[in-house]
Amino acid sequence: MQLVSRVDGKTERLSVERRQGKYVVEIGGVSHEVDTRALGPWVLSLLVEGESHEAAVVRLRDGVYSVDWRGRSFVVELVDPLTHLAEVSRGDAGKPGKRIVKAYMPGRVVEVRVAAGDRVEAGQPLVVLEAMKMQNEIQAESSGVVARVFVAAGEAVEGGDPLVEID
Amino acid sequence: MTPFRKVLIANRGEIAVRILRALRELGIRGAVAYSDADRESLAVLAADEAYRIGPAPSRDSYLRAEALVDLALEIGADAIHPGYGFLSERAEFSRLCRERGVVFIGPSPEAIAALGDKVEARRRMIAARVPVVPGSPGTLPDLEAARAFAERIGYPVILKASAGGGGKGMRVARRDAELAEGYRLARAEAGASFGDDAVFLEKYVERPRHIEIQILGDHHGKVVALGERECSLQRRHQKVVEEAPSTVVTPALRRRMGEAAVAAARAVGYTNAGTCEFLLDAVGSFYFLEMNTRLQVEHPVTEMVTGLDLVIAQLEIAQGEALGPEFDDVELRGHAIEVRLYAEDPFRGFAPSPGKIQRLRLPQGPGVRNDSGVFGGSEISIHYDPMIGKLIVWGRDRDESLRRLGRAISELRIVGIRTNVPLFQALLADPEFRAARFDIHWLDRKLESGELRAAGSDETPKIALIAAAIAHYARSQRQAGGLPQGAAHRGRWRSAARQDALRRGGGT
């Protein structure tokens, strides 16, 4: 199976196949033989040429996986090369376009730091949300221009409610 | 003196479990009050008895003082342990317990009230000759008064709005030339922010460390100090890593700080466990900050280096027992470090990451202690502090305990929620942290400058790609004949997607 991985806009060509009970994964032209055991629904034990690794893999939706490895989480998107090519030619692969920043949990909006038309950089605070007795800055995940602000200070929001749209 | 037969814990999470452990060792029945959000918690599983106290929000459950005392009386509990947070430092709760005939495991309402009022506490500490940050006794009538006072206590000084808070109306002056400007700006800002331009002046302690002394006081007039904890590693005033002992506290300084802490406790007739917090400057001068009138989150590091059990000591004191000779001149052995594990994502501004812990494997082995309130399958609720638990390590010296911390963190597996573990990995790789060269602002500075954030956060390791690719391949094989690959891949990842998937219980 040929795949293209996309992580934070960076792409890599991969191939996976099963050979004599093992997986052979090729990344960037280098081939790895991997002995794999699923330990329950979440955890994989991987022996990569003798190196022992434990990874927890959670499928978020079709082709999108969260991988926990050595205390860190990575979101890996896997698409077949043709889909990837089609998306690249349309110019929207790995590029965010319009995105709606949502409340990750129920809480109260303490402060809105941006207005429609503002230019924002990735990491810039957009909204301060109070939840779990703590104030948290909701930051822009990518740069762009604020298209719309859905909330005002003092409002209560539910998890998943849209806060800001960035174009 | 009558030994307790049953104790009610008015708290939740890891501290409820910690207190239950002490009760079990003493053969005392442990009861917990739980909210609806905690029916399936480790505390309920570990308790001898558990009673519903109300719905999830704290004000309807863990903050219901009257209901908790009613419950204690109803179930025949002799005492209430308040843990930390919630009602633990409320004088009126301590008073209510006393009035209703239930022992409050903590200090008297009078001691809590005296220490809870900043002005009153400062007055009492000055009277007891406990060093406090030198400051002007009241507001300053004019610049000349400010100058005279600054010269008396020495530069640098800080001008603060009398009505202030939140950093507004605060100005540091490092020498006489900066004072006039600072005074003018502080007054203007104070007037604009608070409608009151009165300012006062304090000695500015530069790059201080936060050093705190654990004390215990019994009901027979004995108060002891049990050495210090180094708690300078804080993110926005929240402690993140705590150690005992501190690398900068010499035996002579430890003795002086211990004496000051004991004097502070005596000044208010303090009983049970408490913590005297000090600022320590670069030349070994220390200043009283406040006294925490409860068991601290970070109490285990003191336990690890003293060999004492502070919760058992609290229970014995509350039962009326006298502190024995084992509490005299306690020597500190080795070095302990605690890290607070939080369900928060250090790569997204430390946003809370509630959800279900799908799998949990806590580290084990030599010198490792886990005080946690969760198990695999536990829910980290949105209603409370997102602390998962505390990982504590002990070594013969700081180097050994750092090595053990690194090893223990490599064994830790928490799957299903984001945690602050990457922060500890970054800290362990930082030469200044390893050399214990920090102050209370160090971590915020490091995080702001991006130095810690950057540690290993850019590159996606090969293993993550391999694991995802294998999971994807295996799934597509299982589903052969299902959706063609790539048909539904046009969505883009957003943080919410992960949370949604977890809430729905989505699996591989």
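Two strands count as paired if DSSP finds at least two bridges between them, and a strand is a DSSP run of E with at least two residues, while a helix is a run of H or I with at least four, each numbered from the N terminus. With that in hand, B:His210 has B:Leu279 of β12(B) as its bridge partner.

This is a predicted model, in which local features need pLDDT of at least 70, side-chain atom pairs count only at pLDDT 80 or more, and totals for chains, interfaces and linings use all residues. Residues are numbered from 1 along each chain as its sequence is written, and chains are lettered from A and ligands numbered from 1 in the order in which they are written.

Here are some strands of chain B to look for.

| Strand (chain B) | Residues |
|---|---|
| β9 | 209-217 |
| β12 | 272-280 |
| β13 | 286-292 |
| β19 | 368-372 |

Strands β9 and β12 of chain B run antiparallel and are joined by nine bridges. Both belong to an open, antiparallel sheet of eight strands, ordered β13-β12-β9-β10-β11-β14-β21-β19 in chain B. Its edge strands, β13 and β19 of chain B, each pair on one side only.

Now to the nonpolar core (buried Ala, Val, Leu, Ile, Met, Phe, Trp, Tyr and Cys residues joined through C-beta atoms within 7 Å; buried means 20 or more other C-beta atoms within 10 Å of a residue's own, with C-beta atoms placed from the backbone). The largest one has 169 residues, and B:Ile215 and B:Ala468 are among those with the most contacts inside it. Helix α17 (residues 462-478) of chain B gives the largest share of this core, 10 residues.

Technical notes:
Buried ≥ 20, exposed ≤ 12 C-beta atoms within 10 Å, placed from the backbone.
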